[in-house]
Amino acid sequence: MAQNTVEKTPVTLLGLGMMGTALARTWLAAGHPLTVWNRTPARATALAAEGARVADTAAEAVAANTLVVVCLGDDTSVDGVLAGTGLADKDLVNLTTSTPAQARARAEWARERGARYLDGGIMAVPPMIGVPEAGGYVFYSGSPELFERHRQTLGVPAGTTYVGEDAGFAALHDVALLSAMYGMFAGSAHAFALIRNEDIAPEALAPLLADWLVAMAPAVHQTAGRLRSGDYTKGVVSSLAMQVAGTPTFLSTAEQQGVSPELLSPYFELMRRRLAEGSGEEDLTGVIDLLVH
């Protein structure tokens with residue numbers, strides 16, 4: 001056991017919130033020597049009992065290993081925690097949620113301090129970490145050499161998906177997917193609101209709703225193809241004109257059910273604008289062009 005542990009890449013982890021703790025436990029379970037630090041030292045107590053070395057300061061933790069993983073609350077916290085640490089010749093992997101612009105700025109900030117840099121966007125919640133069948137993974141962007149060097153170690157907590165040398169791409173992919181998720185949640189919320197005061201059990205609607213969303217999901221591939229080709233009319237089976245004509249029914253149903261249309265109305269307005277500006281034979285892809293400034 002000791003020999004296997006020595007052979008595995010040592011990791012320093014800064015930040016022991018729910019996600020950081022989940023990451024820490026998977027590396028420990030896999031035999032990676034782990035040094036941890038957290039602003040609230042008590043959070044490290046259980047990990048110390050599981051074999052982690054607990055550093056008294058962030059600087060001490062950074063000095064302990066070449067591979068330094070940061071998982072903090074926000075980008076501002078990264079400044080505060082890493083201030084005064086010796087980052088020269090370190091491999092810095094930042095899993096703190098940030099914007100693409102913040103990630104790019106952080107990459108330059110790291111380079112100025114002599115560190116190699118990878119940015120990460122975690123597509124998982126803490127219970128999915130260390131559970132391969134749960135399907136969680138992390139987007140990585142930045143130095144391709146650094147990613148290849150640590151791919152195996154970074155893949156211990158969750159799957160890895162490298163999305164490009166631009167350090168901002170991991171954050172951009174993260175936010176793009178989560179934005180789509182919130183759009184789905186918004187539509188689901190409206191659907192449940194429509195039946196809220198009826199003699200229809202939410203549990204009865206839920207499997208129908210889930211199956212319908214799954215059935216509609218492949219449409220994203222058609223959208224991607226149309227954006228690539230620039231042809232928004234080829235193979236369209238449900239035209240923009242037809243869909244706009246149907247929107248009054250959705251709005252009237254919401255009114256009759258005593259449900260606010262505020263989750264649907266902005267999208268319907270974009271559809272109407274696109275119909276006025278473009279071809280009624282298109283599908284809904286043209287709405288995307290209205291969103292881009």
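In the protein chain, residues 24 or more positions apart account for 59% of the contacts with a separation of 6 or more. Contact here means heavy atoms within 4.5 Å. The model is predicted: local features need pLDDT of at least 70, side-chain atom pairs count only at pLDDT 80 or more, and totals for chains, interfaces and linings use all residues. Residues are numbered from 1 along each chain as its sequence is written, and side-chain values use heavy atoms, with hydrogens and water left out.

The secondary structure comes to 13 helices and eight strands. Helices (H or I, at least four residues) and strands (E, at least two) are DSSP runs, numbered from the N terminus. The C-alpha trace spans about 65 × 45 × 30 Å along its principal axes. Of the 293 residues in the chain, 39% are buried. Buried means under 20% relative accessible area, exposed means over 50%, and partly exposed lies in between (1.4 Å probe, protein chains only).

Two helix pairs were examined. Axes are lines fitted to C-alpha atoms, for helices over the stretch in contact, and angles run from 0 to 180 degrees between N-to-C directions. H5 passes H6 in a right-handed crossing. A crossing is right-handed if the near helix is turned clockwise from the far one by less than a right angle, and left-handed if anticlockwise.

On the H5 side, the contact is made by Asp75, Val78, Asp79 and Leu82. H6 contributes Gln102, Arg106 and Trp109. The residues of this contact divide into three nonpolar, one polar and three charged. In this grouping Ala, Val, Leu, Ile, Met, Phe, Trp, Tyr, Cys and Pro count as nonpolar, Asp, Glu, Lys and Arg as charged, and the others, Gly among them, as polar.

The second pair is helix H8 (residues 169-195) and helix H9 (residues 202-216). Their axes come within 11 Å and cross at roughly 145 degrees. H8 passes H9 in a right-handed crossing. In H8, Met184, Ser188, Ala191, Phe192 and Ile195 take part in the contact. They meet Pro202, Leu205, Ala206, Leu209 and Leu213 in H9. This contact divides into nine nonpolar residues, one polar and no charged.

Salt bridges were searched for next. Side chains of opposite charge can pair when their charged atoms come close. A salt bridge is a side-chain nitrogen of Lys or Arg within 4 Å of a carboxyl oxygen of Asp or Glu. The whole structure holds 14 salt bridges. One of them joins the side chains of Asp79 and Arg106 (2.9 Å, N to O). This pair links distant parts of the chain, with Asp79 in H5 and Arg106 in H6, 27 residues apart. Asp79 is partly exposed, at 36% relative accessibility. Arg106 is buried, with a relative accessible area of 4%.

Arg113 and Glu112 also meet in a salt bridge (3.8 Å, N to O). Arg113 counts as partly exposed at 38% relative accessibility, and Glu112 as exposed at 56%. Another salt bridge joins Arg151 to Glu148, with the closest N and O atoms 2.5 Å apart. Both residues lie in helix H7 (residues 144-154). They are three residues apart, about one turn of the helix. Arg151 is partly exposed at 37% relative accessibility. Glu148 is partly exposed too, with a relative accessible area of 48%. Salt bridges that share partners join Asp89, Asp91, Arg116 and Arg149 into one network.

Asp89 has a positive phi of about 65 degrees although it is not a glycine. Asp89 is exposed, with a relative accessible area of 51%.

Leu87 is placed in the loop between H5 and S5. Leu87 is buried, with a relative accessible area of 2%. Not counting residues up to four places away in sequence, Leu87 touches Val62, Leu82, Trp109, Arg113, Gly114 and Ala115. The C-alpha atoms of Leu87 and Ile122 are separated by 23 Å, and the two residues are 35 apart along the chain.
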